[in-house]
Structure formats: C-alpha cells, structure tokens
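Me: I would like to go through this structure by question and answer. Please give the cut-offs along with the values.

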Amino acid sequence: MKITGAQALIRSLEMEGVETIFGLPGGCILPAYDPLLDSPIRHILVRHEQGAGHMAEGYAHVTGRPGVALVTSGPAATNMVTPLMDAYMDSIPMVCITGQVPTNAIGTDAFQECDTVGITRSCTKHNELVMSAQDIPMAVRQAFHIATTGRPGPTLIDIPKDCLTNLMDWNWPTDEEVIDSLPGYRPNTKGHPRMIKEAAKLIMASERPILYVGGGVLKARAAEALRELAELTNIHVVTTLMARGAFPDDHPLCLGMPGMHGNATAITVMQKSDLLINLGARFDDRITGKVSAFAPEAKVIHVDIDPAEQGKVRRPDVPIVGDCKQVIEEIIKAIKDLQANGTVQADTGSWRSRISGWREQFPLSYEASEPGEALKPQFCLEQLRDNAPEGTILVSGVGQHQMWSSQYWTFNEPYTWVNSGGLGTMGFSIPAAIGAKVGRPDRTVWAIDGDGCFQMTAQELVTAAVERIPIKVAILNNSYLGMVRQWQEMFYEERYSEVYLSPEVPNFVLWAEAMGCVGIRVDSPEEVQPAIDKANSIDDRPVVIDFRVDAREKVFPMIPAGFGNSDMLLPEWQEANRGGLK
Amino acid sequence: MSEFGSHHHILSVLVQNRPGVLARVAGLFARRGFNIFSLAVAPAEDEGFSRITIVVDVETTSLEQIVKQLFKLIEVVKISELDPGRSVERELLLATVRTTGDHRGQVVELTNIFEGKILAVGVDAITVSLDGHPEKLDDFEELLAGYGIVELQRTGRVALPKLDREARLRAVSTKSNQGKAG
C-alpha cells in the first residue's frame, strides 16, 4: 500500500508505542503534522524547541521509555542541541526528529537549512539523515533500538521535506532486519563469569567495602537487585547525583550523596574504603575531586555497560562490562555460592561503627534563621519535603538549589528525582517537570528552581497551563546566580562579578499569573506552610511559589575544584570536629 | 615526515560504508583530543564496508581509550591493532623535484635505485612516484630534499596483517559479542 513518508513516520512512531510527542511545527516538518491529526499520539505544543527536548528527557527519566521530540529544520534543530547533549551526558533515551530542507536543496544554504546531522554528531549516540521516504520505517526502528539499548542515549533522525511528501510502500522491518542493519552495534549485557566470581571474592574479603551507585542502576532498573546485594552483605551505599532514589534514603545502609557537595560521611567512606563497588557510575570529576587523591586505599570493582568507562578515569581491579541488573544478580548468586561453600565474609564491624560515628558527628546541617531573619532555602525544601504526598517526583534546575534538593529531600523510591547532572543545564527543571508530569500524571511533580534558571525556560509554563499539566514550581529566589556567587565569595575574595539579578524585576507572581498559573510569594518562615498547603490543594493548573531566600546561604560541605576529597570544607560549626573524620 | 616513533600505533578499522562515517571518526578524534598521525580510507573487500587505516599518536592518550571510544560509533564494525613487525605496510609518495643543471640525471638515478617511477618531466623539474614501506619513503624523501622539493604528497599508510605463520592479528575488538557496547 502506498502512503506518504509523513504517514509512514507517524505510523512508525505508533508502532514503536509512542504515546506522547513534544514538539513545534515549522516549514520543513509541516507534512508530518498533517497525519498527526489522525493519530492517537498526544502532541504537546511547546513554546521553544529546547523545552520539547527537556520535556522528552523528563518523560524518559520517570517512565524509562524514550522521550520523543518533533521539530523543524534550521533554528529548531539548533535549539535541540542543548537537550540532546544533556541527554547524552546523562544517558537518557530520547528520539528527536527534525525536518530538513528538500533533498535537492541540501547544501544550497536554503531557508532554514543547517547541517543538522553534522551539528548533532557529537551530542547524539547516533544520528541519520534519511534520503528516501522508503527508508523512514527502518530509520525510526534503528533510532529507537539504539536509544534504548546498551548505554541509553539520544538519537536523531533528520528527514528532508520531500521524503515526507513522497509516496512509499509501507513496510515494518523485523527485529532481525534491524539488528542485521547494524552490524557494528552489539551491546553486551551479560558480565564475564570469571570477573563476577572475582568480584564476589573481593566483596567477601573486604573489611571496608562501600557500594558506589550511579545512574546505571536506575537505567538498568536494578534498584531491587541492589537492595538485595546491600542487605545480603550489610554494605553501606552512596548514591551519586544521578542515582538518588536508586536506594532508599531512609534505609539504614544509605549514606546519601558523595562528591563536591556530598555529605561528609558519603565523601569520607569513599576516601577510607578498601573496596569501591562501583555499580553504573563513571568516576565523574564531581565525585572524585582530584583523581590522584581519590579513594587511595581502595580496590575497585567497576560494573558498567559501556566498556569505554572501564579505565577511563580510574583503573579497575575487576572490570565488568554488562547491564547492572544482570550483573548484580550474578554477583549475589556468586556470593551465595561462596557462602554455601563455607566462605565467611570479613568482619566489617569496626568499619560500620566508624561510619555510624561519622554520621552522628557530621549530619547535613544549616543554621536556622532567627525570627525576623531571611528565609533559609534548606528550610523551604524541608517543608516542601515533609508536605509532599508519597511518590512525589522532584525535578531541579542547576546550581545551589539543585544541590540542596539532592541533600535535603528524602528519595525513597527510584525514578522520583530528575535533574541535569552531567551537562548542568540551567533552565532544565520547568520543561523536564512538564515531561515528568505527562509521563506520570498520577504523581505530584515539584520543580525546584533558582531565579536564574527560571528565567531561562519559564515560558514553558504557558505550555503547562494550556495543556493542563499541573506541575508545581518552587523558586528558591535569592536574586543571585547563587552558585557562582558562592564561588566568588569563597575563591574570588567576595568580588561579585555579574551575578546579581534584580530582586524587583521580574515580578514572579505576576509573571506566573500571566502564564495561566497561580503565583504565590513567600518572604518569611511563617508564610511557608500556608503557601505549600495552597499549592498542594491546586490540581487544575500549575502553581509557582516565589520563595525569597537568604542570598548569603552557601552549599556545604564543599570540595573546592581541583582539591582532593580529604580537603572537604565543612560548615563552620563542624570544622572543630574535623579530626573525627579519621 | 617525522619518524615513526614508539608512540604511534596502527589501527585498521572496518566500518559500514555510509555517508558521514569518516566525519564521525575524524570528529571523535578531535572531540576527545586524540591525535591522528595519518589516515587512509577506501572500500574494503565486502560491499558496503570500508577500511580505515589510522596511525595514531598516543603520547597523550591511552590507545585503549581511543579504541573503546571508536568502537562506540555505531558504524564501526571491527577494530584491529596492527603490530608493525607483523603486518605489511605500504604508502605512496608523489614528489615534484627541482632539477636544474645536471641534477636531473641524479634524481632519475636515485629514483631508479629506489625502484620508483618517473611520471612527468619538465624543463627544470621532474615528478616521481614511489610506493613501498613508509620508512623507505622517508629515506627517499630525505634524499630528494637535497635537490629542492617543489611539491610533495604522501597517501598515509595502509596496512594488513602478515600472512605468515607468525602473523598474529592482535584483534583489539571484534564484531562478535565481546564487549561491543553502545
């Protein structure tokens, strides 16, 4: 049967199980928008293409299914570069479809032409310029296959306008045909049996082990397996920024986040450990600090589905290439086999008591404000957390508010934390929260944002209001680019350069109202609870709370860039006890 | 050309012959800060595939990381590292040399000694070609330099594993399920 390329595209997306597309039409992609009218796929019309990309990411974060963005050529494609790179850094499955000028106009500097595949080559896992309507179904199948298997990531299909309007014979490639068409793509999911045995032996012999858990555990949907491993071996867990929620924060073995703004215990256990069991983390510089000073006494087991992560930063003693879920389950089996054969786990008692000591002495803390003083951002987060319904999804932008969110929220369930970890994209939270709410309409979704971030992508609240996507937004507004301010205060002798944002404009309440949201302003601690109550009671439109918080507040602990983790800066009132971190 | 030092390795990379594949490979090297010393590409024995011979400078990066990153490209099917002692290498050189006075005879003689070819003869210049082991080309180039090289072009080396008993193709990665990931 002959159909147009555009019809084939929409039918292919339906065949892939796509329920929602985030997009914005334009000249070259126009033909694809016509058959969309007759499709059951929901299309969410964004106000800026970057928003479509981050929405697709937020959707993928919480559902595990690939997010889909559909935009036109030229400037629309270049507006997708940031979300594509963001998804690439954080291994988010996402498929982006861009329109392109007709094949005979390619290379002529035609209106809204750009070299989309050239521009996005280094920010996608794979991309493809389709040159015939007939090739569209295969291109779609390949894009979804590549985006969702192995180490997930974004893919892009660039489709010239004439390929959308030309007729083609509908065909839907089989799984075998897809795999045969990609002879160079064979992700390995099963860990090497000998390495798994080796890992089990090291775990049983370690006196100071720690489970260093990264986003790969969430990607592999391995949270349950992780919990079984931790409980079986009684080993404590640290969860990186990308892995918050992979292990319940209220579990006695959970130590929270390590790294540049991790808590003192999570940082210290890695430094003092004799065995790092890295599950799906990548020794990011924000975790290791100065690599040569990182975890100096530790042997390393590194489980990662991407072989290129093995030895990229830290040479592992036991490298295991594979899917975290499969590998963790195999390690559990191997440990049980050892136990059955009489191997006894080394005594970790003194290690565990040291850990309890650190936790007691160095909890995350901040100085509560005295009556009449400015509102503390951490206090706002605690109140939001304590009033959030179970299963609330938290989405953050990038900066101080992101670190406080990760520090002060309690993540007890996987896929309840969405943020831009690798790329650090300011403006991520509003669109990502919209995507998350579309993916999980049954959940409350709070976006925690800074006033700097909010001003980058706030226009997507119009999308949320019009499309009836009732997200809630808490702006921790200190009228500064807060994290940069913190660095200038600490490392540039309080010479504040270009970080002060006006406290007068914009008027966030009016702005929210103008975009069809409810706007609430909070200046003092007493107003916090009623504002949150009000926000929680509204479910028919987005709500924005403008929390006016203390600009002097800094994120602690902190490991200054370029320093080793043992040089961690503690809050003043804990500095005196620093000796306790031995 | 600078000498072929110990920091150089030869990678033979089998890729799907698709538009943009060379840009992907070259882009990866640029993006990750790896240095390409030379690069040659042409269709391979099987239809739909090309072989890229890349000589990489690994003074600053580990070869392992280069290979692993390269292997993540979807269109890369197989990567072999060729040990220079256990592979055959060839390169082609074209050079136009100034030949005033009695230099023409000397250049022709030199070319004959190296078993090269005379491609074109002008009033005061001559164009010669030589194919062979890259080190032989280095020697030839050095001797020609004394006469004054007007223009010179080398292809970069191509290589295949030796066929003798000793030939050991150190397959860094293969098309099978071993370690190919996305």
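Me: Which domains does the domain assignment of chain A give?
Reply: This is a predicted model, in which local features need pLDDT of at least 70, side-chain atom pairs count only at pLDDT 80 or more, and totals for chains, interfaces and linings use all residues. Residues are numbered from 1 along each chain as its sequence is written, chains are lettered from A and ligands numbered from 1 in the order in which they are written, and side-chain values use heavy atoms, with hydrogens and water left out. Domain bounds come from an automatic or database domain assignment. For chain A the assignment gives domain 1 (2–180), domain 2 (193–361) and domain 3 (377–548).

Me: How many residues does the contact take from domain 1 of chain A and from domain 2 of chain A?
Reply: The C-alpha centres of domain 1 and domain 2 of chain A are 37 Å apart. Contact means heavy atoms within 4.5 Å. By that rule, the contact takes 10 residues from domain 1 of chain A and 7 residues from domain 2 of chain A.

Me: What area do domain 1 of chain A and domain 2 of chain A bury between them?
Reply: Buried area is the accessible area (1.4 Å probe) that two parts lose on being put together, summed over both. Of the area buried here, 56% is on carbon and sulfur atoms. The value for domain 1 and domain 2 of chain A is about 650 Å².

Me: With which residue does A:Arg151 form a salt bridge?
Reply: A salt bridge is a side-chain nitrogen of Lys or Arg within 4 Å of a carboxyl oxygen of Asp or Glu. The count between domain 1 and domain 2 of chain A is 2 salt bridges. In the salt bridge of A:Arg151 the closest N and O atoms are 2.9 Å apart, and the partner is A:Asp306.

Me: Why does the radius of gyration of chain A agree with a compact globule?
Reply: The radius of gyration is taken over C-alpha atoms, and the globule rule is 2.2 Å times the number of residues to the power 0.38. The C-alpha atoms of chain A fill a box of roughly 75 × 65 × 40 Å along the principal axes. The value agrees because a compact globule of 582 residues would have a radius of gyration near 25 Å, and chain A has 25 Å.

Me: What area do chain B and chain A bury between them?
Reply: The contact takes 23 residues from chain B and 23 residues from chain A. Carbon and sulfur atoms carry 51% of the buried area. Chain B and chain A bury about 2100 Å².

Me: How many salt bridges does the rule find across the interface of domain 1 of chain B and domain 2 of chain B?
Reply: The assignment of chain B gives domain 1 (8–87 + 165–173) and domain 2 (89–159), with 29 Å between their C-alpha centres. In contact are 9 residues of domain 1 and 6 residues of domain 2 of chain B. These domains bury about 600 Å², 58% of it on carbon and sulfur atoms. The number of salt bridges found across this interface is 0.
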